[in-house]
Amino acid sequence: MTYTLESINAKTWEGDLLFLYGDEAAERNLPLGKKEIELLKARRSEEREQLLVFDRLPYHIYVLSFDSEKNAPECQEKLRRSAARLLKQLKADKVSRLAITGEGVLPEEVEAMIEGLTLADYSFDRYYNKERYHLNELVIDSLYLKAEELEVAQKLWNRIYWCREWVNLPVQDLNATGFAEELASIAADFDEVECTVMDKRQIESLRMGGLLAVNRGSVDEPRFVVLEYKPRSAAKEAPICLVGKGIMYDTGGLNIKPDDYMQEMKSDMAGAATMASVLFAAADNQLPVHLVALLPLTDNRPGFNAYAADDILTMYDGTTVEVVNTDAEGRLILADAIAYASRNYSPKLIIDVATLTGAAVRAISTFGIAAMQEGADNPMAMLKVVGEQVYERLVEFPMWEEYGEYIKSDYADLRNCGSTPQAGTITAGKFLAHFAHGVPYIHLDIAGVAYFTKPQHCYQVGASGYGIRLLYAFLQMQDMIEK
Ligand code: BES
Ligand code: MN
Ligand code: ZN
């Protein structure tokens, strides 16, 4: 999609046009006849939110009526969702270039609309022989939307695009080694991003018992990728460590996933894809924050020498873990990465993102992130506020010490899944928090939102990139608070 800021005259524009009708002041500028305006007003008084289409063959005028509202994230989210509805209409009308104008509309509302169109327009196309519909060009007429702001947003949307591509790619075409190479080649384009790719031998010498165990049933080698973004503006600051679950495919291992539970498990590396994308977006826009992304990558398979229940692993930090279920693999690779972050970077905060538990989906369905923290009340409070603003919402689960009982083992320091089926999301978070060793820690379980099996809000089927806008906005805010 290309975006051009250009001032246009709605009444003489020759082309397809979207008119955002945010308040009554719009009436004098509507490029419509008197009777049409009356009809529109009557409809609007019955139902504030609606989309009307006026044929102006060969073009169309789309009028989206809504209530403009200052500082209202809900209003912006409604616009993102309307964008998806509009896009269906544009597809039916074969519109590839659209001008956007309006009256009584705030710049953040125009941006939300464009964002919605951008997110909704994404589909995973590369295995289709037939060409699929896309909206190719937006001409944006907005008095107050600044070109620089639009550029920053565009860079973020580009990272969301790539995150979704990676997550949608099946493991046959994107395994741990391939993904590591891809990340290294992107990092090479930045002066301020350093990429270290550790191969199996290096992971062995680091004694990352979790990552190595999960990898044992696979013919593909694991990788441990560390991306560091250290701009001059934040060179002296302790970093924020971003850990992402990178299970390239989760069969469950020897505790193999039954029936259709395995489907969509190509998306089990969404955490890693999200964190890499957040770091690259920060670098694209030169955010003054010091970041380290730590991405353990492997698939989880029941191959020849696969790790088994009853195995006892020694993790990077020396903690021993009894394997109870090979399908609770995410926390094993994350534990090594979190401990590595804690020991080697003295971070001010560790955040991980992971498609970690089916229990998170059962608890809150596909409408947000299940979040937990230890020693990070303030960052968590900030994350919640930001989450409401960008509408990638999270809900905090408790980390009461009683849950610790559920992950005690008879044979080792910890067990890799709870001794009861209750509170599965929390026992996973509790397990991970152990490896942060006192560093303020936030855990984000994105199992419900990383990948949609049905279209939802402004997303088509497949990977969503959910969490990137949240963390990016959080990092932006971080800077404001410190200065
Ligand atoms: N990757 C899955 C979690 C998952 C499930 C993500 C559904 C997205 C949608 C994870 O590795 C897993 O298998 N978790 C198990 C843990 C259990 C064995 C303790 C689960 O949630 O069933
Ligand atoms: Mn699993
Ligand atoms: Zn998994």
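Which residues coordinate the zinc ion (ligand 3)? In this predicted model, the zinc ion (ligand 3) is coordinated by Lys245 (NZ), Asp250 (OD), Asp268 (OD) and Glu329 (OE), at 2.0 to 2.4 Å. Residues are numbered from 1 along each chain as its sequence is written, and chains are lettered from A and ligands numbered from 1 in the order in which they are written. Local features need pLDDT of at least 70 and side-chain atom pairs count only at pLDDT 80 or more, whereas totals for chains, interfaces and linings use all residues; side-chain values use heavy atoms, with hydrogens and water left out.

**Metal site**

- Donors are N, O and S atoms within 2.8 Å of the metal (3.2 Å for Na, K and Ca); water is not among the atoms, so sites may look incomplete.
- The 6 donor atoms around the zinc ion (ligand 3) subtend angles of 78 to 174°, which makes the arrangement octahedral (six donors, with opposite donors over 155 degrees apart and all others between 65 and 115).
- Along the chain, the donors of the zinc ion (ligand 3) follow the spacing K-x4-D-x17-D-x60-E.
- The zinc ion (ligand 3) and the manganese ion (ligand 2) lie 3.2 Å apart and are bridged by Asp250.
- Asp250 lies in strand β10 and Glu329 in the loop between β13 (320–322) and α9 (330–345), so the pair ties together parts that are 79 residues apart in sequence.
- Asp250 counts as buried at 2% relative accessibility, and Glu329 counts as buried at 0%; buried means under 20% relative accessible area (1.4 Å probe, protein chains only).

**Helix α5**

- Helices (H or I, at least four residues) and strands (E, at least two) are DSSP runs, numbered from the N terminus.
- Helix α5 (residues 176–187) has 12 residues and reaches 17 Å from its first C-alpha to its last, close to the 16 Å expected at 1.5 Å a residue (1.5 Å times one less than the number of residues).
- The buried residues of α5 are Ala176, Phe179, Ala180, Leu183, Ile186 and Ala187.
- They cover an arc of only 125° around the axis, which puts them on the same side of α5; the arc is that of the directions from the helix axis to the C-beta atoms.
- The partners against which the buried residues of α5 pack include α4 (147–168), β10 (246–250) and α8 (270–284), with contact meaning heavy atoms within 4.5 Å.

**Cysteines**

- A search of the whole structure finds 0 disulfides (a disulfide being a pair of cysteine sulfur atoms within 2.5 Å).
- Cys163 is in no disulfide, and the nearest cysteine sulfur, that of Cys458, is 14 Å away.
- Cys163 is buried, with a relative accessible area of 1%, and Cys458 is buried, with 2%.

Methods: Buried < 20%, exposed > 50% of the residue type's maximum accessible area, 1.4 Å probe, protein only. Tetrahedral: all angles 85-135°; square planar, octahedral: opposite > 155°, others 65-115°.
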